[in-house]
Amino acid sequence: MEHDKAILEASARHAKPEGQSFEYGTAGFRMKANILDSTVYRVGLLAALRSRKLNGHTIGVMITASHNPPQDNGVKLVDPMGEMLETSWEAYATELANAPSDQALVDAYHKIAESQKIKLSAPARVIFARDTRASGSRLAANLVDALKATEVDYEDFKLLTTPQLHYLVRCDNTKGTQYAYGDVSEKGYYEKLSDAFKRAMKGPSASNGTLTVDCANGVGGPKLRELMKYLPTAKDGGIDIRVVNDDVLKPEMLNVECGADFVKTQQRAPPSSKAASGDRCASYDGDADRIVYYFLEGTTFRLLDGDRIATLAASFLADLARTSGLVEELKVGIVQTAYANGASTKYVEENLKMEVVFTPTGVKWLHHAATRFDIGVYFEANGHGTVLFSDTALKAISQYQPKSPAQATALETLRALTDLINQTVGDALSDMLLVEVILAHKGWTPKEWLNTYVDLPNRLLKVEVRDRGMFKTTDAERRLESPPGIQENIDKLVGQYRNGRSFARASGTEDAVRVYAEAASRTEADALAQKVAEQVK
Ligand code: NG1
Ligand code: ZN
């Protein structure tokens with residue numbers, strides 16, 4: 001049969017670790033890098049099948065473990081428009097990864113091809129990239145073995161941020177069409193973003209003060225430095241950026257005491273930070289698909305997380321739609337998860353008067369829900385998110401004839417933002433430029449941004465349990481269905497605290513149950529979280 005011999009031969013060089021089981025979860029496969037060899041090879045086989053299934057459209061493979069420690073790695077697939085792999089195919093990935101022998105792998109491969117009616121002689125194309133982890137090049141070589149064995153046309157983009165790869169996949173699949181997304185090159189990405197940024201910054205004078213960016217010692221560092229070559233500095237109406245934590249020559253430094261995950265979970269600046277009171281700071285995660293902002297107010301650490309970026313972006317975009325005369329046509333909405341601070345939800349509903357939709361954790365759910373709006377803003381509290389414009393919105397924005405100079409100016413900015421914002425996935429570089437544009441237009445420092453609403457104190461706990469599989473949720477993960485009885489107890493506890501809200505759910509990426517609680521004061525939030533944690537133990 002087509003390719004069997006080659007698949008078997010290469011598989012023998014990438015044996016599956018015995019007794020190890022793998023699952024394609026919300027972040028693809030992610031674990032210690034030294035047990036990922038067979039999995040990455042097998043993901044290559046799946047990428048080949050996926051591309052053949054979709055008439056040879058380009059499929060992306062990203063090798064990264066995002067904010068995980070340096071010794072971990074991971075791999076995930078990118079679908080043709082730059083979105084996450086279709087959910088129904090995740091089970092195939094898991095099946096291939098767990099095939100107990102080389103022959104079982106070939107059998108599983110054919111079973112998928114048959115059930116999906118895939119012609120194995122059809123053309124296929126895969127592009128891939130990796131973050132800066134030491135294990136990345138070895139794992140990429142395993143991927144290549146699979147692509148060669150299945151005769152796939154492939155291109156190695158080497159080191160990229162995750163969102164850059166998503167961008168390239170979409171560009172590759174749309175080139176030469178009316179939906180062409182951009183030039184299929186890293187340079188094309190910088191050119192698109194910087195051009196849009198310059199257009200969006202035409203109105204205000206320049207961004208206010210230097211932005212310090214902590215790159216988690218990951219791939220975002222060199223890529224930000226590259227992007228900066230294309231961006232105007234403040235004296236030319238742009239932005240001054242100071243890059244810190246961008247050491248990628250020591251891979252053991254990745255995500256260590258820095259980066260978006262550290263800042264969000266520790267609620268403090270990286271220890272290496274020399275920021276003074278009021279300085280505007282941002283942190284990326286290890287593959288630069290997440291960003292959070294923060295600053296010191298005196299000595300108090302103030303975090304501006306994904307919820308803040310979402311509210312800032314949604315209110316600005318709605319204002320632009322209104323000022324440009326498009327308001328009747330465009331519905332702006334926000335997508336959040338249960339982890340969004342309750343104060344942000346209240347602010348969106350009561351002050352911005354916009355609809356909020358809740359989805360389970362995991363960007364693919366948020367992304368999907370955001371497509372239901374004309375302008376759909378989605379962010380996880382941890383800083384992963386973007387803004388999606390529907391086809392109707394894009395058409396209205398590009399075709400509308402402004403009726404006044406004010407409308408024309410607003411429309412120009414809106415048009416620039418449709419190009420500035422990465423439409424495929426949350427992107428730290430693109431999101432950063434979006435925030436900078438908005439702050440510059442509003443003439444805001446982070447302090448004014450923070451003053452839009454007051455976060456409810458909250459606590460996130462990780463609870464080790466015997467079997468997290470027992471924890472089943474409903475209502476966008478906000479209520480536990482099983483084990484029976486726990487939800488009733490959580491409800492009772494929540495009722496005892498002012499502005500109390502709490503929920504428990506099994507993590508999709510770690511072997512634990514996460515408990516979230518918020519309440520009117522820090523002491524109450526902590527106490528509520530503790531009590532709920534006792535319920536799930
Ligand atoms: P889990 O482990 O399922 O809670 C975490 C994050 C998600 C998302 C995924 C994917 C929290 C509470 N959860 O999911 O938001 O980013 O990882 O990486 O931050
Ligand atoms: Zn990431």
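Let's start with residues 57-90: their end C-alpha atoms lie 18 Å apart, and the span is 3% helix and 38% strand. Helices (H or I, at least four residues) and strands (E, at least two) are DSSP runs, numbered from the N terminus. This is a predicted model, where local features need pLDDT of at least 70, side-chain atom pairs count only at pLDDT 80 or more, and totals for chains, interfaces and linings use all residues. Residues are numbered from 1 along each chain as its sequence is written, while chains are lettered from A and ligands numbered from 1 in the order in which they are written.

UniProt, in an unreviewed entry, annotates residues 57-90 and 119-171 as "domain: Alpha-D-phosphohexomutase alpha/beta/alpha". It also places "domain: Alpha-D-phosphohexomutase C-terminal" (unreviewed entry) at residues 480-534. Such annotations may be inferred rather than shown by experiment.

Now for two helices. The axes (lines fitted to C-alpha atoms over the stretch in contact, with angles from 0 to 180 degrees between N-to-C directions) of helix 17 (residues 486-495) and helix 18 (residues 522-536) come within 10 Å and cross at roughly 165°. Helix 17 and helix 18 are therefore roughly antiparallel to each other, a term for angles over 145 degrees. Residues in contact (C-beta atoms, placed from the backbone, within 7 Å) include Ile-486 and Leu-493 of helix 17 and Leu-528 and Val-532 of helix 18.

Finally, strand 6 (residues 211-214) and strand 7 (residues 241-244) pair in the parallel sense over 4 bridges; pairing requires at least two bridges found by DSSP. Leu-211 has Ile-241 of strand 7 as its bridge partner.

Technical notes:
Angles under 35 degrees count as roughly parallel, over 145 as roughly antiparallel, 65 to 115 as roughly perpendicular and the rest as oblique. Two residues are in contact if their C-beta atoms, placed from the backbone, lie within 7 Å.
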